[in-house]
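Here are my notes from going through the model, point by point. Have a look at it first, then read on.

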Amino acid sequence: MNENYQPQTIESQIQQKWDDTDAFKVEENSDKEKFYCLSMFPYPSGRLHMGHVRNYTIGDVISRYQRMQGKNVLQPMGWDAFGLPAENAALKNNVPPANWTYSNIDYMRNQLKQMGFGYDWSRELATCHPEYYRWEQWFFTRLMEKGVVYKKDAEVNWDPVDQTVLANEQVIDGRGWRSGALVERKKIPQWFLKITDYADQLLNDLDQLRWPEQVRTMQRNWIGRSKGVELSFDVAGYGPLEVYTTRPDTLMGVTYVAVASQHPLALAAAEEDAKIAAFVEECRHQKVAEAEMAQMEKKGMPLSITAIHPLTGEEVPVWTANFVLMDYGSGAVMSVPAHDQRDYEFAVKYNLPIKQVVKPLDEKIEIDLNKEAFTEKGVLVNSGDFNDLEFDLAFKAIATELEGKGRGKVTIQFRLRDWGVSRQRYWGAPIPVVNCNSCGAVPVPEDQLPVLLPEEVTFDGVGSPIKKMESFIKTSCPKCGADAERETDTFDTFMESSWYFARYASRFSDNKMLDPKAANYWLPVDQYIGGIEHAILHLLYSRFYHKLLRDEGLVNSDEPFAGLLCQGMVLADSYYYEDTQGGKVWVSPAEVQVETDDKGRITAAKHAESDQPLIHDGMSKMSKSKNNGIDPQVMIDKYGADTVRLFMMFAAPPEQSLEWSDSGVEGAHRFLKRLWKQVSDHLAQGPVATLDTNSLSDAAKELRRKTHETIQKVSDDIERRQTFNTAIAAVMELSNSISRAADTSEQGRAVIHEALVAGVQLLSPIVPHVADVLLTELTGSAQADNWPKFDESALERDSVDLVVQVNGKLRARINVAADADKAVIVQMALAEPNVQKHMEGKAVRKEIVVPGKLVNLVVG
């Protein structure tokens, strides 16, 4: 073999071999245990970034490891291809979104292949291809027939200039990100899926998943099951004003009721009062994302009407407030300033009464309602007949009283809201509905699917092109044949990513959405890998969609992803200088020259070409905004894919953030060069004899013990712990032991050979190209299906070293036979000169022997 490691040469050769042999193509095989490993598919943005590389390397390592266990492993890849970025790129580059997307897919596919990822490319899909979204359209029509789909008016962010709906993140300081126009809250017809019908299932089935507890907790909180009371306040001229509360124990502390700005009471008041009308208009332009609403200034106005308290009969004022939304519950809340911090801040601002009705359980705890609300549960006060009741009893008593008066009832509610799946955008799958003046919304018949999205369009950013295309819009009603119009909304892109995993499993089914036999063989996914930023929406929608597929009879499993691994972010140093306006100009690390202290810490930085002094801003997530991304292609070209993969797996445990380090990458490259040389030097010494474990020297036994300890540890690190960094560290230790091997006899070399083969096999999932070459040289085969066998007998020792203590203090070390009994061990310990010295002639009162570790002589 070539004694020099040349990654660019070997990697292209090995990748070609994999392509020629369809090395990773799989079919259903009932005789083999299956393993479905899936990394979240990428958006084809144009180039891979290091976050992609880390995600996909983790998945490939797990897939290759499971394949080496003899399992039938599916690892597919595809493209989450619809979405807003393509529309933005179309505007910027004056090219149709489809052209931009397909070009990016071609480039990124090649990048993935260069990384050596073992994908079954025969199953590749792109969500923008009609053969994919036709089945999504078909399934939507089935859900319409089953009543899981409905349409209603819902509020959106509306850009009046661009005539389009904006996502919350596209609203910047109340204005459209592109047009700069003041964004309006506007009600338009939207399609919804009844995810709330599955709330209990989605909550309960979390218990059967091998997911990080953090993710399961996030989903539980998002679903938000709560037990509370639905009750009503009477408003003159309006009737019952319904609210929901999980704290009925605070009902006697209500001092005002707040309604949303779009509530009928607020809208009626706005017609009579210009100030209220102005407030309602202001609220139409505010963001409604929860995180932003929690931080924004709480504002409101009195409506000059009152509501009657359901138990006391007292009048409380009705206000409209910007923190109440019509889309949540009834659009009204009862406000208890003494025991809710948001209500408290609002009451203080507008000088509304604050009435304490709960005190701490512990009388020693003092509260100060002049500073903040007391929000804990406790004992009721100032509550009439309910005084002195603790929370549970108060809940029950007040709920019973309300029910008796016909003013309320106990209910279970969920924070979860139905899934709005329509988007007023172009680059997405058309919703398969025809709108007829006589028949209403009619699903497109199966024989007319797919409803094709026109790809050759002129994109100017003002509205969706298909909303202006009569050739797309004009059609006939499938029911009555009259003139009708197609729905011009497209699906939320979460729809495409909510079932792609199932289509991979049934990729070759041309005449149906899923082939149950194929889908049920592979599903559920055994190991899913992706960022924790997808913990709620993507993962929750996928779980819901999978249950819909189950209820349609297309799959028989309850959940799509049995196991989940959330990889951490990739961080890199960031640098900037300030421009003349005081703004930060971020400079790529590739253009920076740094000085470091003796511990490797950065002490100074400058631009490599201009010598412009730079400020080091520390480590932060690789991003375009800070220009601190490292191009994977540059690293592949310089060091090879195996080095990048090795560094990614070695630098940090997978769930933790990884700090990019050029020196770390160089270190990984040096290790592979050393491993290559170890194998080359070993093979240069000639053929190796068959290993005879009965004819080994002590040194050879020690190396063989180290080999099998490493096999045992790495197997556990990858299979159970998923700590790939410690697995690599263990192989590096084994490599060091091989380098120190002193026995070069025939059997000594046989043990070295076994150690080298095992070490390369253990690294094979991580550095597959170099492993393929080295294993072929060492064994005649790439060993793609063979994980090294652990030999427990190799760990047996003829003798062991024991610590000898006198009264608990270390006094000597002895080497004894591994099977020596207690009496022999004690006698050998007593014979040690330093032990005798510290016994000073005293008698042994107790002998403590811990097998394999120590002997302690208690004297006195």
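**Notes on the model**

1. Strand β19 covers residues 433-436 and β20 covers 440-443; they run antiparallel and are joined by four bridges. Within that pairing, Val 434 has Val 442 of β20 as its bridge partner. For the terms, helices (H or I, at least four residues) and strands (E, at least two) are DSSP runs numbered from the N terminus, and two strands pair if DSSP finds at least two bridges between them.

2. Some ground rules. This is a predicted model, so local features need pLDDT of at least 70 and side-chain atom pairs count only at pLDDT 80 or more, while totals for chains, interfaces and linings use all residues. Residues are numbered from 1 along each chain as its sequence is written, and side-chain values use heavy atoms, with hydrogens and water left out.

3. Overall picture: the protein has 25 helices and 35 strands, and its C-alpha atoms fill a box of roughly 100 × 80 × 65 Å along the principal axes. Of its 860 residues, 52% count as buried; buried means under 20% relative accessible area, exposed over 50%, and partly exposed in between (1.4 Å probe, protein chains only). Among contacts (heavy atoms within 4.5 Å) between residues at least 6 apart in sequence, 71% join residues at least 24 apart.

4. The largest nonpolar core holds 174 residues, and Phe 140, Tyr 500, Met 513, Leu 549 and Trp 660 touch the most other members. Helix α22 (residues 746-763) contributes the most to this core, with nine residues. Apart from it lies another core, of 41 residues, including Leu 231 and Phe 374. A nonpolar core here is a set of buried Ala, Val, Leu, Ile, Met, Phe, Trp, Tyr and Cys residues joined through side-chain atoms within 4.5 Å.

5. What does Met 513 touch? Leaving out residues up to four places away in sequence, its contacts are Trp 135, Trp 138, Phe 139, Trp 499, Arg 503, Tyr 545, Leu 549 and Leu 554.

6. Helix α11 (residues 341-350) is worth a look. Its buried residues are Asp 343, Tyr 344, Phe 346 and Ala 347. They lie on the same side of α11, because they cover an arc of only 165° around the axis (the arc is that of the directions from the helix axis to the C-beta atoms). They pack against β10 (256-259), β11 (300-308), β12 (315-321) and β13 (332-335). At the N-terminal end, Asp 340 caps α11, with a side-chain oxygen 3.0 Å from the backbone nitrogen of Arg 342. Just after the helix, Asn 351 takes a positive phi of about 60°.

7. Pro 589 sits in the loop between β27 (584-587) and β28 (592-596). Is Pro 589 buried or exposed? It counts as buried because its relative accessibility is 18%. Not counting residues up to four places away in sequence, Pro 589 touches Asp 573, Tyr 575, Asn 627, Asn 628 and Ile 630. Its C-alpha atom is separated by 8.0 Å from that of Asn 627, 38 residues apart along the chain.

8. Finally, some backbone geometry to check. Most residues other than glycine have a negative phi, and most peptide bonds are trans. Leu 449 and Pro 450 are joined by a cis peptide bond, omega about 0°, and so are Leu 523 and Pro 524, again with omega about 0°. Asp 22, not a glycine, has a positive phi of about 50° and counts as partly exposed at 48% relative accessibility.

Technical notes
Polar contact = N/O pair within 3.5 Å; in protein donor to acceptor, adjacent residues only side chain to side chain.
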